[in-house]
Amino acid sequence: MEDESRITELELRYMQQQELLQELSEVLYAQRRELDTLKAELEFVKKKLEGDPGLVDARQQEKPPHY
């Protein structure tokens, strides 16, 4: 009888671990998708800033003294 209860306990632990692994896998997948989105947005911003450096450096947007 003791062996049967040990086997049952091991099966329950195994099932819990499987559920946890599935949850972790889903979280990892969601984080990977979010990271990919953020990387794409960062690349977009980098390209935009390369095209218009005045967006970052305010001195390039200062009005000339005669204004």
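Modeller: Start with Arg32 and Asp36. They are four residues apart in helix H1, so about one helical turn separates them. Helices here are DSSP runs of H or I with at least four residues, strands are runs of E with at least two, and both are numbered from the N terminus.

Colleague: What kind of model is this, and how are residues numbered?
Modeller: It is a predicted model: local features need pLDDT of at least 70, side-chain atom pairs count only at pLDDT 80 or more, and totals for chains, interfaces and linings use all residues. Residues are numbered from 1 along each chain as its sequence is written, and side-chain values use heavy atoms, with hydrogens and water left out.

Colleague: Back to that pair. What do the side chains of Arg32 and Asp36 meet in?
Modeller: A salt bridge, at 3.0 Å from N to O. The term means a side-chain nitrogen of Lys or Arg within 4 Å of a carboxyl oxygen of Asp or Glu.

Colleague: How many salt bridges are in the whole structure?
Modeller: Three. One of them joins Glu9 to Arg13, with the closest N and O atoms 3.2 Å apart. Both residues lie in helix H1, four residues apart, about one turn of the helix.

Colleague: Why does Glu9 count as partly exposed?
Modeller: Because its relative accessibility is 37%. Arg13 is partly exposed too, with a relative accessible area of 48%.

Colleague: And which residue does Lys46 meet in a salt bridge?
Modeller: Glu43, at 3.7 Å from N to O. Lys46 and Glu43 are three residues apart in helix H1, so they are separated by about one helical turn. Lys46 is partly exposed at 42%, and Glu43 is partly exposed at 38%.

Colleague: New topic. Which residues form a nonpolar patch on the surface?
Modeller: Leu20, Leu21 and Leu24, with about 300 Å² of accessible area together. Areas come from the Shrake-Rupley method with a 1.4 Å probe, and for residues only the protein chains shown count as cover. Patch residues have over 30% relative accessible area and no salt bridge; like charges are joined within 9 Å, nonpolar side chains (Val, Leu, Ile, Met, Phe, Trp, Tyr) within 5 Å.

Colleague: Where is Leu20 found?
Modeller: In helix H1, which covers residues 2–51. Leu20 counts as partly exposed because its relative accessibility is 46%.

Definitions and conventions
Buried means under 20% relative accessible area, exposed over 50%, partly exposed in between (1.4 Å probe, protein chains only).
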